[in-house]
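Here is a short briefing for a first look. Please keep the sequence and the 3D view at hand while reading.

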Amino acid sequence: MSIEGFIERASEAISEMRRSGEEKILLVHHDDADGLSSAATVKAAVERKGYHVKLLCLEKVYPEVILSIHRDWDGIIIYADIGSAHGDLISRFNRGRNLTIILDHHNPRAPEDPKIYDLNLENYGFKGEEDFSGATVCYLFSKVMNERNRDLSYLALVGSQEIPSGIKGLNRLVLEEALRDGLVKVEGRRVRIVRLGVTVKSLFSKLQILGPVGYYEGGPDVGVKACLEGLTEETERMIADLEARRKAANRRLIARLYRERLRESAHIQWFDAGSLYHGMGSKVIGQFCSFLSYQKRLIKPDKYIIGMMNLQNIVPGWGRLEGNFVKASVRAPGRLRTLIKEGKAMSTVNLLVKASEEFGVADGHEYAASVVVPTEKKETLIKNAEAVLETFKAGS
Ligand SMILES: [Mn+2]
């Protein structure tokens, strides 16, 4: 593991930014709390350098969207907490055109285009599921840009709340730094962000609603602002309203699943939420599947959980997508997680990548992953996934 390698490569990327003479940055970021913390970090850092920043929040890497931004955008493109898993795709669309910097922790696929810098710390021996989040990479990058960006360290801690194994690895170092700099204070088991007067955990939970649930209502921009300026009364009201709507939909869905049960095949248990979450961002289905993975009376502990929902074919700030899509989220419940860890079962991300090879764009981690597929491919996805798992079993 070497952070030096990262620092060197980040310095190169920053020099390239300067050399390009570009003044505009398109900051493409993920919609969850880590994505918003990531975006806020990079936004603050590059604005301090005098760049003009346009934010584009994506729930998913849609090829159509990526193609158009690499064709039409005049300036630098930075990806935050998104992009690494599609380095190859981004390369194909960029074709040496825009200087592109990827700051992410999802399993990377190496870009071939020399104008693309993927600074994912997995390339330097760290683990994106444990040691660092998207916001951690964004913070470390910002610190290479200018040491004064150390005042943003608390955002790395906020984003890293999504890491299930807690604060360890690089994040431990960031926490120590933030404590030394007096940016955060430990209060019992909580960590408080001094300037914003809110705990790391509470800001995380609120961003986790603003971005994902409020995706179609300007939630991501409100969240990025809250990361830097704190939560206003109006923001708190927006969060409460979004949360109430999501809870109502969750309740309806859980009642339905108790009534109808999940559908099942040899290795998979699945359900389709249809349009139940209409108006909310698609992350809600993943969050629901996570919740479901602990409902022992509803699910089998050794089968992959797949949940689907219809997507709106609009990307706020970009436009309308061609065609209709569903999102499928996969979660591994308890016993299956152990099997995956031991290499006896397939990781959720590998499963989805293989099952949607011809028609979907999948990404994620060992125990949680998702994919967007054309609506007419719903059944094919499940069938393919079952076949992929059957082959895996036969081969192991
Ligand atoms: Mn993340």
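Axes are lines fitted to C-alpha atoms, for helices over the stretch in contact, and angles run from 0 to 180 degrees between N-to-C directions. Helices (H or I, at least four residues) and strands (E, at least two) are DSSP runs, numbered from the N terminus. With that, helix α2 (residues 33-48) packs against helix α9 (residues 219-229) at about 65°, with the axes 9 Å apart.

This is a predicted model: local features need pLDDT of at least 70, side-chain atom pairs count only at pLDDT 80 or more, and totals for chains, interfaces and linings use all residues. Residues are numbered from 1 along each chain as its sequence is written.

**Domains**

- Domain bounds come from an automatic or database domain assignment.
- That assignment gives domain 1 (3-231) and domain 2 (257-395).
- The centres of the two domains, taken over C-alpha atoms, are 26 Å apart.
- The contact takes 21 residues from domain 1 and 19 residues from domain 2; two residues are in contact if their C-beta atoms, placed from the backbone, lie within 7 Å.
- On the side of domain 1 that touches domain 2, β2 (52-58) and α3 (63-72) are the elements that give two or more residues.
- The residues on that side of domain 1 divide into 12 nonpolar, three polar and six charged.
- For these classes, Ala, Val, Leu, Ile, Met, Phe, Trp, Tyr, Cys and Pro count as nonpolar, Asp, Glu, Lys and Arg as charged, and the others, Gly among them, as polar.

**Helix pairs**

- The crossing of α2 and α9 is right-handed; a crossing is right-handed if the near helix is turned clockwise from the far one by less than a right angle, and left-handed if anticlockwise.
- From α2, L36, S37, A39, A40, K43 and A44 meet P220, G223, V224, C227 and L228 of α9.
- This contact of α2 with α9 has eight nonpolar, two polar and one charged residues.
- Helix α1 (residues 3-20) and helix α5 (residues 134-145) cross at roughly 65°, and their axes come within 9 Å.
- The crossing of α1 and α5 is right-handed.
- From α1, F6, I7, A10, S11 and I14 meet L140, F141, V144 and M145 of α5.
- The contact of α1 with α5 holds eight nonpolar residues, one polar and no charged.

**The six-stranded sheet**

- An open sheet of six strands runs in the order β9-β10-β11-β14-β16-β15, with mixed pairing; two strands pair if DSSP finds at least two bridges between them.
- Its edge strands are β9 (263-264) and β15 (361-364), each pairing on one side only.
- β9 pairs with β10 (residues 268-272) in the antiparallel sense over two bridges.
- R263 has W270 in β10 as its bridge partner.
- Helix α11 (residues 283-292) lies across β11 (304-310), β14 (325-331) and β16 (368-374), at about 150° to β11.
- Helix α14 (residues 378-395) lies across β10, β11, β14 and β16, at about 170° to β10.

**A covered helix**

- A residue is buried if 20 or more other C-beta atoms lie within 10 Å of its own, exposed if 12 or fewer, and partly exposed in between, with C-beta atoms placed from the backbone.
- Helix α13 (residues 348-355) is mostly covered, with six of its eight residues buried.
- The buried residues of α13 are T348, V349, L351, L352, V353 and A355.
- Their cover includes β11, β14, β15, β16 and α14.

**Hairpins**

- Strand β6 (residues 184-187) and strand β7 run antiparallel, joined by four bridges.
- E187 has R190 in β7 as its bridge partner.
- β6 and β7 form a hairpin with two residues between them, and G188 in the turn has a positive phi of about 65°.
- β7 (residues 190-193) has V191 and I193 on its covered face, and R190 and R192 on its uncovered one.
- β7 also pairs with strand β8 (residues 198-199), antiparallel and over two bridges.
- R192 has T199 in β8 as its bridge partner.
- The hairpin of β7 and β8 has four residues between the strands, and G197 takes a positive phi near 65°.

- D81 is not a glycine, yet its phi is positive, near 60°.
- D81 is in the loop between β3 (76-80) and α4 (87-94).
- D81 counts as buried because it has 32 C-beta neighbours inside 10 Å.
- R95, also not a glycine, has a positive phi of about 45°.
- R95 is in the loop between α4 and β4 (100-103).
- R95 counts as exposed because it has 11 C-beta neighbours inside 10 Å.
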